[in-house]
4 protein chains.
Amino acid sequence: MKKSTWILVAVMLAACELAAQQTPPAGDPPAWQWSWEKIQSAVGKVRAGKDLTPKPWPGGNRVAVGLSFDVDNETGSLRDNNLSPSELSQGEYGSRAAMKRILDLLDRFKIKATFFVPAVTAKLYPNDMKEIIARGHEIGLHGWIHERNSQLTELQERQLMTKSMQILTEISGRKPVGIRTPSWDYSPSTLKIIRELGLLYDSSLMADDRPYEVLFEGKRTGVVELPVEWIADDYPYFGMSRFSTIRPHIGPKDVLDIWTKEFDVAYQEGTAFILTMHPHISGHRSRIVVLDQLIQYMQSRQGVWFARHDEIAGAAKTRMDQ
Amino acid sequence: MKKSTWILVAVMLAACELAAQQTPPAGDPPAWQWSWEKIQSAVGKVRAGKDLTPKPWPGGNRVAVGLSFDVDNETGSLRDNNLSPSELSQGEYGSRAAMKRILDLLDRFKIKATFFVPAVTAKLYPNDMKEIIARGHEIGLHGWIHERNSQLTELQERQLMTKSMQILTEISGRKPVGIRTPSWDYSPSTLKIIRELGLLYDSSLMADDRPYEVLFEGKRTGVVELPVEWIADDYPYFGMSRFSTIRPHIGPKDVLDIWTKEFDVAYQEGTAFILTMHPHISGHRSRIVVLDQLIQYMQSRQGVWFARHDEIAGAAKTRMDQ
Amino acid sequence: MKKSTWILVAVMLAACELAAQQTPPAGDPPAWQWSWEKIQSAVGKVRAGKDLTPKPWPGGNRVAVGLSFDVDNETGSLRDNNLSPSELSQGEYGSRAAMKRILDLLDRFKIKATFFVPAVTAKLYPNDMKEIIARGHEIGLHGWIHERNSQLTELQERQLMTKSMQILTEISGRKPVGIRTPSWDYSPSTLKIIRELGLLYDSSLMADDRPYEVLFEGKRTGVVELPVEWIADDYPYFGMSRFSTIRPHIGPKDVLDIWTKEFDVAYQEGTAFILTMHPHISGHRSRIVVLDQLIQYMQSRQGVWFARHDEIAGAAKTRMDQ
Amino acid sequence: MKKSTWILVAVMLAACELAAQQTPPAGDPPAWQWSWEKIQSAVGKVRAGKDLTPKPWPGGNRVAVGLSFDVDNETGSLRDNNLSPSELSQGEYGSRAAMKRILDLLDRFKIKATFFVPAVTAKLYPNDMKEIIARGHEIGLHGWIHERNSQLTELQERQLMTKSMQILTEISGRKPVGIRTPSWDYSPSTLKIIRELGLLYDSSLMADDRPYEVLFEGKRTGVVELPVEWIADDYPYFGMSRFSTIRPHIGPKDVLDIWTKEFDVAYQEGTAFILTMHPHISGHRSRIVVLDQLIQYMQSRQGVWFARHDEIAGAAKTRMDQ
């Protein structure tokens, strides 16, 4: 038997243990045996409440466009303990090559955007943070090191989120008012901590295309959700992982076609288009061109409000108690 | 946790599904050692019988088009015990954002369609069911919680299917006459229970593009099959699963091209075009546009009969004893 | 721990044993420690010999086009012990819906092609075999039940290949002169048995685009190779497997573009274009259109010789001792 | 053997690779618990230093284009102990069919390129090496048998790299001055050995689109980096592995679109475009056409300097101490 096979057996058994720790208690029945109450309770934990789309948006506009960039850089590799210089250099690209390209593009089109930043990124690249703020953009929370919230205890999650809040506030000189959870991952405690921190909005859930109030166990929370979707994210199309099968599946011109269609219907329905990108992904040369063309197209339409997520959430919030 | 461990966990869960799907008795010899009788028996269990395509279809039409929507919403996540609010919100989208868009589109084109609904979906969203019926569409069976039939005993499968039948009848006020099995999965008992329930048709098998009578061990069953295919399903192109490699591989304009070609040959051959979609997949903005354009194209041709699956199966049934 | 996790652990350990049986003896060093002799011996087992491209091809033509169809139908599912009626119905489609479409297309363009048929397919569908022969096409070997040769002993492989030879001869009335190994899989014994059976040609290797003589341990074998490639195969683009991540990655119009380019360079270089398809894959409506358009394009050029594989191999063989 | 078992075997082999790639000490805490010093040290090991882009490039040109070919041939299969004749024949194609096509194309466009060659390839195909040199191209290091550096001890890595240096020098008559590590894999010792060997440049990291000086633990190394990217590599788009899910995801005309966009922005920004290809991948008929069209497009612009990697690195090096 090959040595690698033996190593694998050990690895698999260890992984099984880990998997078992994360799976339900022994004896948990399969879902088709669950009681109706259990199903209702599972589904009802976090739900979409009132549609908060203003008609019209500020300035009499018919659609809001929120461009956001998750500034992960090296944090995804660090979280996975992947310390290969070649892997880490792909994250470094996000600051060294991509950030200026993105900031200049936004300036050229006179658009203010939102940057969700893991605190580790902010500490590694404080000048990028200053530049983002100086040009009028927003910085929002995105975890400490792109950790997965659902693997943490409530205490650990609160400590990391609080520490990240402090660091972003210190480095950027502004207190963040919004969050995008890393990997859009939600623990049972995430929403609770968001409320404790008094945040205006979250941008991690997918129950609608329209902004909505988040409900917790059927009750109002006052938190505005600016919903996201994999469709409007650069990673599923452009992600690349050498030793898995994640790789670029769709070319940039097809991504432009998809995002254009997403915008078109948002425009037609008079709602919002929230687009999630990453500097180390969309900041590459063949992709920045896509963003450039997309913005040109959107700016050619009348009644399009390009705004930061805090501005969009603020406008939506006014509808909460109407 | 290390990335490798995460990937292993995902890989193991996928392997679990695979293992659960295929569990021949221990010591079963490899297929190349099987007797001819064993091969014949395996292949001959469920087969395609008589071609039931009417020439012409009702109204003198040359082709039948059956649009169907599997209203899975949260049931796929529930079945997999994936209770993350972010995951579940993707299913909630199917009701909250997608359903109205789809129903309005069908109304605009004056098309009646078929919705295959897991009973859990019907209980979670009874108003959607009432709306589907009120607009003249059909509701068909699609399991209890999108369970996999081949993992159940015959008794369990019968209980779930019977319970689902009762719930859909109560909520929609109509007794379903057709079924699409969840994941198009067939146990050795599935066809037997379909006959016990007296259903007119099934829409889960793939032996032809034309409607046909299903044979069981070489004998006629009286059940009409409206065959499906992955090619004419939105999931293989648009599916997205964060921790597996399922993701959007093909852009909407290429899907439009594929489905147009499928229709064109159905039209030319004078048969049927059965299209499987999901509200939480095809109800998204960049995809509803594809369906819109596809319908416009199909309606531009003469002799196209848009009908519910029960109507198509009814027309096919008249050929059964001719 | 979930029940499924326990099942997985057992499954994985069993799989490890199987894997170990197929991997090199314990203690086999990693490749970077191998001696130069070991590397040379591994690489030199089966190699490409003399280029056998005739200049010109028969009839003064500049390029040979060999269309082939591997008639797998249900054999892939049977080999994998996947006896789900839904899975098997996808293979049944190959005979019931696809075969007539393909044969009619070939007749319409007056093209003779080659069908590589597992003997189990021939026994399940003897009428398809008679029709193939009646229309002037060739039938070649493709294993018994699409088994993997590299998992068999030499004796087992010889018995299955000999039995398949007899069955194809009986059913089709012609003795096959060529083989395409299932999955293009080669055991250390495959080439030896091919020579024992006195076959004219093999079509399973990929060392060139041009026909060549196969060398065994550096010595001539007299066997003509008509080389294949995944690029010129429908499966990598259109394959679909529910519980793996194999699915349609590329749309038919892009496949048409790829195959057109492959033909164009074959035409320009004056060699051969061997195209591998499967009735249950390319016989579908949105794909038969691609083949139709490809043939139209190729027939629009001067000097293209459409021929069966036995004819192409025969023409190549005349170059062997020149 | 069951399909599930086959898939598990494939999955396990992939997991073996993953496990081997990432082996932190047992008990290593998750990344979110690391000290800031540990994070800084991990990130700071190998970094990008000074931007070395000359303004202008030699000859007054505004952009440098470096075409490179990693001549892996059979080495990837050998490294993985995959000795199937069918697999190995795919590597043989790289020499037998692809190399002449590529060399002739380069001659036709009067372009000098760089070939990174595993020493095993050089020994198996010494005539290809002589031909590469005779036509004015460069040969660079690419490991012994495409081994993974991060799986070796420092001693093993040094021995293999030194041996490869000697063999390439003997066979080609030139001492290599640059390296591309196999799989762009970097051990903690790789950069150290590169400096010991006195190489001018490396081409394996991804922190920028512009040439830069590599820093080791914050200190200058004098090594020029010509950065690479998966976006500008043929493998992620065209790779094919029968028993994994690596397969062609994107058609050649979309790859042409991506690479054209990459070049366009490089041209606009006045930097460099480094393109990584493989003879056994891009040398195929439907792909060589892409390279042909890409070169035609690039040659239609003014101020484009096509050069070998050693020339580009040499020009960049002149900026190092300015």
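Two residues are said to be in contact when heavy atoms of theirs lie within 4.5 Å. By this criterion, residues 24 or more positions apart account for 72% of the contacts in chain A that have a separation of 6 or more. The structure is a predicted model, in which local features need pLDDT of at least 70 and side-chain atom pairs count only at pLDDT 80 or more, whereas totals for chains, interfaces and linings use all residues. Residues are numbered from 1 along each chain as its sequence is written, chains are lettered from A and ligands numbered from 1 in the order in which they are written, and side-chain values use heavy atoms, with hydrogens and water left out.

Chain A contains 13 helices and 10 strands; helices (H or I, at least four residues) and strands (E, at least two) are DSSP runs, numbered from the N terminus. The C-alpha trace of chain A spans about 65 × 50 × 40 Å along its principal axes. The radius of gyration, taken over C-alpha atoms, is compared with a globule rule of 2.2 Å times the number of residues to the power 0.38. For 322 residues a compact globule would have a radius near 20 Å, and the 21 Å of chain A agrees with this. Of these 322 residues, 67% count as buried, where buried means under 20% relative accessible area, exposed over 50%, and partly exposed in between (1.4 Å probe, protein chains only).

The surface of chain A was also characterised. Chain A exposes about 10800 Å², of which carbon and sulfur atoms supply 52%; accessible areas come from the Shrake-Rupley method with a 1.4 Å probe, and for residues only the protein chains shown count as cover. Chain A has 39 positive and 39 negative side chains, and the centres of the two sets lie 2 Å apart. In this count Lys and Arg are positive and Asp and Glu negative, while His and the chain ends are not counted; each charge is placed at NZ of Lys, CZ of Arg, CG of Asp or CD of Glu.

Helix H6 of chain D, residues 126–134, has D:Asp128, D:Met129, D:Ile132 and D:Ile133 as its buried residues. They cover an arc of only 135° around the axis and therefore lie on the same side of H6(D); the arc is that of the directions from the helix axis to the C-beta atoms. The exposed residues D:Asn127 and D:Ala134 are carried on the face of H6(D) turned away from its buried side. The cover over the buried residues of H6(D) includes helix H4 (85–108), strand S3 (114–117), helix H5 (119–124), strand S4 (138–141) and helix H7 (154–172) of chain D. Just after H6(D), D:Gly136 adopts a positive phi of about 95°.

Particular backbone geometries were found in several loops. In chain C, the peptide bond from C:Lys55 to C:Pro56 is cis, with omega near -5°, and C:Pro56 belongs to the loop between strand S1 (46–51) and strand S2 (63–70). In chain D, a cis peptide bond with omega of about -5° joins D:Lys55 and D:Pro56; D:Pro56 is in the loop between strand S1 (46–51) and strand S2 (63–70) of that chain. C:Lys110, a residue other than glycine, has a positive phi near 55°. C:Lys110 is located in the loop between helix H4 (85–109) and strand S3 (114–117) of chain C, and its relative accessibility of 73% makes it exposed. A positive phi near 55° is also found for C:Trp184, in the loop between strand S5 (178–179) and helix H8 (190–196) of chain C; at 4% relative accessibility, C:Trp184 counts as buried.

Three further buried residues illustrate contacts beyond four places in sequence. D:Ser204, in the loop between strand S6 (201–202) and strand S7 (212–216) of chain D, is buried at 0% relative accessibility. The contacts of D:Ser204 include A:Ser86, D:Trp184 and D:Glu225. B:Leu88 lies in helix H4 (residues 85–109) of chain B and is buried, with a relative accessible area of 4%. Among the contacts of B:Leu88 are A:Ala42, A:Val43 and B:Leu78. A:Ala64, in strand S2 (residues 63–70) of chain A, is buried with a relative accessible area of 0%. A:Ala64 is in contact with residues including A:Trp57, A:Phe273 and A:Ile312. A:Ala64 and A:Gln302 are 238 residues apart in sequence and 12 Å apart in space, C-alpha to C-alpha.
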